[in-house]
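Here are my notes on this model, as numbered points. Have a look at the structure first, then read on.

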Amino acid sequence: MGVAGLTFEDNINRKIEFVNRSLCEYFTKEENYQKKIYEAMEYSLFSGGKRVRPVLALAAAELFGQEESVMPFACALEMIHTYSLIHDDLPCMDNDELRRGRLTNHIVFGEAMAVLAGDALLTRAFEVVLKHSRLSPQQMIKGLAVLAEAAGTEGMIGGQVIDMECEGRAVGKDVLRAMHLHKTGALIIAAVRLGVIAGNGDSEDDWRLSAYARNLGLAFQIKDDILDVEGNTELLGKKTGMDEENRKTTFVSLYGLEQSKKMLEEYTQKAIEQIMFYGEKSEFLKEYAYFLLKRDN
């Protein structure tokens, strides 16, 4: 699916459309006694979004000429990410009422159904890979291990635990960095690692792209923290000022707004430096890092 000569904007739109088509293919609604759960899952999965993680998986695999083969894993990443957002928004977590410009899942479907919708998307992610994988059995097992670890206690869930335990108290830079390398960074790192696996890359490729994604994940979180302070609620699709309201330590609260903006640029540049080895083939990943730096939502 890699197409030479496209502008960056055309290329990213093509990747997002490819992801959305594939999600529609892999996600099927059932008109049965439990149809309400499918409605709740669909509501959040197809509510828009930048599709950052699947796009990164496609872009990493594209370095090795294997964009299409990583798609089941790319869609699984988006399902896991969506489940995490549903649960993050619950009253027992961040208690948010808006996500991507729409009422959050629990506001529409109730708390119990929102919990189940998140659980179901997590389960469906692994079902999609097992049913639709185009990789060898060895690649699929390796990819499933990466996916499971990134979603679990040493990945995204671990980061959420740190986040919850730090709410309402000041934390230092090491804890803040660890929190976001897990909560935000784990799935972003997994995305490029899955691209490497799909493309039969070697350990050096895994190291370079993981370093790219690690820095990109930190830059992504810093940008989120900045947008919570000076972003536009309408553009963001969610309320701003929630970090301060929930008394959370963020890059902005710890370092200040101007220093956070400098750090955003520094981490973005560090990410780009890790992939210069690939020359022109890394152009999309480089432009994507700048795209995320400049985003307004």
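1. Start with the second largest cavity, lined by Leu216, Ala219, Phe220, Lys223, Leu264, Thr268, Ala289, Leu292, Leu293 and Arg295. A cavity here is a set of points on a 1 Å grid over the protein atoms alone where a 1.4 Å probe fits but cannot get out, and lining residues have an atom within 4 Å of a point. Two or more lining residues come from each of α11 (203-230), α15 (257-273) and α16 (283-294), with α11 giving the largest share, four residues. Helices are DSSP runs of H or I with at least four residues, strands are runs of E with at least two, and both are numbered from the N terminus.

2. A word on provenance: this is a predicted model, where local features need pLDDT of at least 70 and side-chain atom pairs count only at pLDDT 80 or more, while totals for chains, interfaces and linings use all residues. Residues are numbered from 1 along each chain as its sequence is written, and side-chain values use heavy atoms, with hydrogens and water left out.

3. That second largest cavity has a volume of about 40 Å³, a volume being the space filled by probe spheres set on grid points joined across faces, edges and corners. Its lining splits into seven nonpolar, one polar and two charged residues. Nonpolar covers Ala, Val, Leu, Ile, Met, Phe, Trp, Tyr, Cys and Pro; charged covers Asp, Glu, Lys and Arg; the others, Gly among them, are polar.

4. Of its 13 lining residues, Ser44, Ser47, Ile86, Asp89 and Arg99 are the closest to the centre. The lining of the largest cavity holds four nonpolar, five polar and four charged residues.

5. Now α6 (residues 111-132): which of its residues are buried? They are Ala114, Ala117, Gly118, Leu121, Arg124, Ala125, Val128 and Val129. These cover an arc of only 125° around the axis, which puts them on the same side of α6; the arc is that of the directions from the helix axis to the C-beta atoms. Turned away from that side are the exposed Ala112, Thr123, Leu130 and Lys131. Buried means under 20% relative accessible area and exposed over 50%, with partly exposed in between (1.4 Å probe, protein chains only).

6. The buried residues of α6 pack against α1 (8-26), α2 (35-45), α4 (71-88), α5 (105-109) and α7 (137-151), contact being heavy atoms within 4.5 Å.

Conventions: On a 1 Å grid over the protein atoms alone, a cavity is a set of points where a 1.4 Å probe fits but cannot get out, and a pocket is an open set with protein on both sides within 12 Å along at least five of seven lines; lining residues have an atom within 4 Å of a point.
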